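Subject: Structure for your review

Dear colleague,

I am handing over the structure below, together with notes on what was found in it. Please read the notes with the sequence and the model open beside them.

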Amino acid sequence: MPEQQPRIVILGAGMAGILAGIRLQDLGYQNITLYEKADRVGGTWRENTYPGLTCDVPSHFYTYSFERNPDWTRHLPPGPEIQAYFERTARKYGINELTRFGEECNDASYRDGRWQLQFVSGHTDVADILIAATGVLHQPNYPEIPGAESFQGALFHSARWDHSVGLEGKRIGVIGNGSTGVQIVSALAGKAALLEHYQRTPQWIMPVENGRFSEEERAAFRDPEVLAKAMNVDEYMAAVEAYTQSITDIESEASQAMAQACRDNLEQSVTDPVLRERLRPDHLPLCKRLIFSPDYYQAIQHPQARLVSNGIRAIEANGIRTVDGELHELDVIVYATGFHADAFMRPMSITGRDGVQLSEFWQERPKAYLAVTMPGFPNLFMLNGPNGPVGNFSLIDIAEHQWGYIERLIARLDAGECDAIEPSMHAMETFEEERVEAAKQTVWYRGGCVSWYLDAQGIPSSWPWNFQRFVDCMAEPDWSAFNLPAPAAASHT
Ligand SMILES: Cc1cc2nc3c(=O)[nH]c(=O)nc-3n(C[C@H](O)[C@H](O)[C@H](O)COP(=O)(O)OP(=O)(O)OC[C@H]3O[C@@H](n4cnc5c(N)ncnc54)[C@H](O)[C@@H]3O)c2cc1C
């Protein structure tokens, strides 16, 4: 390690930013600051507090590999336990001390070989290395429904849950049937006087067990060997491979098997044939992000629950008016309408080398070489950046692989082998052309649906190959893809 360490700034103290902070400290870096616009760590799990919030990755896999958690109470981790896990981990590894909370970066400009950072508060900083860990599902997507402002009841987005609003005995409308809408409806069935679920397109639902771990099991999991055995990593990784195979090859046996499991679930769980047909998607399973739920079909068949599949015309003072003219009187409306998944660091303004703007570079679509680096933006590394793997597996695992890759890039900088690291435009364009072509073969593109996985051009914005290819790409950088200018002079301060 050179005497003068690089100045490293991490933007965001969610799962990815905490990971970067822990790993950098492990490597001996001391000149690190995390900036977090909120007042605590946690990102997604701090912001989303809706009833029923559950991660659909088996709980023991939704942790850092170096910080397993024997205390999960259920097979799928509940949101509040995940938030507690990140808070605990941040405390344990000294992340809070490294973090300036309440600081939102709004401008990052690469000038004179360093990133000049500006914050909404007026604070400024500089960095030799900038890690963007600002999240993917972060900026809520509010649907444009005429008349929403006239609603007399409570109306909020699922990621901005208003806990001052009582729900018992209320008439509640939930708009949107992705994983979030399904989880909210499942949690509220039987509690609300009326629960209406507004569905634009039916979704396939994969059944899943979500039992409790007993006290004895949790106590036993404190022994890492017992936990490792219970986790059965090989079996889990085989399931992840089968999942990615289903996505990349819709003719595959894995794809057929998943589709059949979803169809059987619908047939066996919904008794009313009319409701069953209204719940039956006309696209292939996995075309949209697959929903795992142990109890949605029961919830939507609850006597107080109602599936509304006529489109929404407007929101009025007393409820929702559907296109068939019916007024659905409601006390509470929840937008379970997702996020701007293409925002990434934005609305932050980012200016790279020679004045290149991120907004211009991403004009067609967000893109990055292997989802981590971009030509023209030296020493800027992204965790969970554009077109990385997404699916029903752990983004923590993805971020750890990406971090391994970033660590190798930083090591070269730190060894003084180069002043700046960025991929060549040729490498970027070749990668992106291949990615787009491969994306057109996936179920996301060919499965007959529209989903938030598609970018503005209708191309799936994700890693379109199998999981192992991602692991291999992250294991060792292909150095021929990078511009590595020799150092002019030692410039770290
Ligand atoms: C409802 C929901 C369910 C999910 N379920 C799953 C699941 O089942 N499995 C799974 O793997 N993943 C799931 N995810 C994805 C989840 O977002 C990731 O697993 C993970 O938490 C992402 O961590 P992150 O650190 O990359 O981003 P985030 O958690 O979004 O954290 C980003 C942080 O950056 C901060 N920030 C952003 N911009 C700035 C700025 N300009 N300046 C300073 N700070 C900034 C934010 O405040 C935030 O704290 C889910 C997401 C949501 C919303």
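This is a predicted model: local features need pLDDT of at least 70, side-chain atom pairs count only at pLDDT 80 or more; totals for chains, interfaces and linings use all residues.

Residues are numbered from 1 along each chain as its sequence is written, and side-chain values use heavy atoms, with hydrogens and water left out.

Domains

The domain assignment gives domain 1 (8-139 + 340-483) and domain 2 (148-335), with bounds that come from an automatic or database domain assignment. The C-alpha centres of domain 1 and domain 2 lie 27 Å apart, and 44 residues of domain 1 are in contact with 45 residues of domain 2, where contact means heavy atoms within 4.5 Å.

The second largest pocket

Pockets and cavities were found on a 1 Å grid over the protein atoms alone: a cavity is a set of points where a 1.4 Å probe fits but cannot get out, a pocket is an open set with protein on both sides within 12 Å along at least five of seven lines, and lining residues have an atom within 4 Å of a point. Grid points are joined across faces, edges and corners, and a volume is the space filled by probe spheres set on the points.

The second largest pocket has a volume of about 740 Å³ and a lining of 25 residues, of which Pro 58, Phe 61, Glu 235, Tyr 236 and Ala 239 lie nearest its centre. Each of domain 1 and domain 2 supplies at least three residues of this lining. Among helices (DSSP runs of H or I with at least four residues, numbered from the N terminus, as are strands, which are runs of E with at least two), H7 (224-231) and H8 each supply at least two lining residues, and H8 gives the most, with 6 residues. The lining divides into 17 nonpolar, 5 polar and 3 charged residues; here Ala, Val, Leu, Ile, Met, Phe, Trp, Tyr, Cys and Pro count as nonpolar, Asp, Glu, Lys and Arg as charged, and the others, Gly among them, as polar.

Buried means under 20% relative accessible area, exposed over 50%, and partly exposed in between, with a 1.4 Å probe and protein chains only. The buried residues of helix H16 (residues 467-475) are Phe 467, Phe 470, Val 471 and Met 474. Seen down the axis of H16, these residues fall within an arc of 100°, so they line one face of the helix; the arc is that of the directions from the helix axis to the C-beta atoms. Their cover includes helix H8 (233-248) and helix H13 (395-414).

The structure holds 4 cavities of 30 Å³ or more, and the largest cavity has a volume of about 60 Å³. Phe 467 is one of its lining residues, which also include Thr 244, Ile 247, Trp 444, Trp 463 and Trp 465. This lining divides into 8 nonpolar and 2 polar residues, with no charged ones.

Backbone points to check

A cis peptide bond, with omega about 20°, joins Arg 346 and Pro 347, and Pro 347 is found in the loop between strand E17 (332-335) and strand E18 (349-351). Leu 370 has a positive phi of about 55° although it is not a glycine; this residue sits in the loop between helix H12 (358-361) and strand E19 (380-382) and counts as buried at 7% relative accessibility. Asn 387, in the loop between E19 and H13, also has a positive phi, near 70°, and is buried with a relative accessible area of 4%.

Two further residues

Trp 452, in the loop between helix H15 (443-446) and H16, is partly exposed, with a relative accessible area of 42%. Not counting residues up to four places away in sequence, Trp 452 touches Leu 137, Arg 289 and Ala 341. Glu 215 lies in helix H6 (residues 215-220) and is exposed, with a relative accessible area of 59%; Glu 215 and Asp 71 are 144 residues apart in sequence and 9.0 Å apart in space, C-alpha to C-alpha.

With best regards
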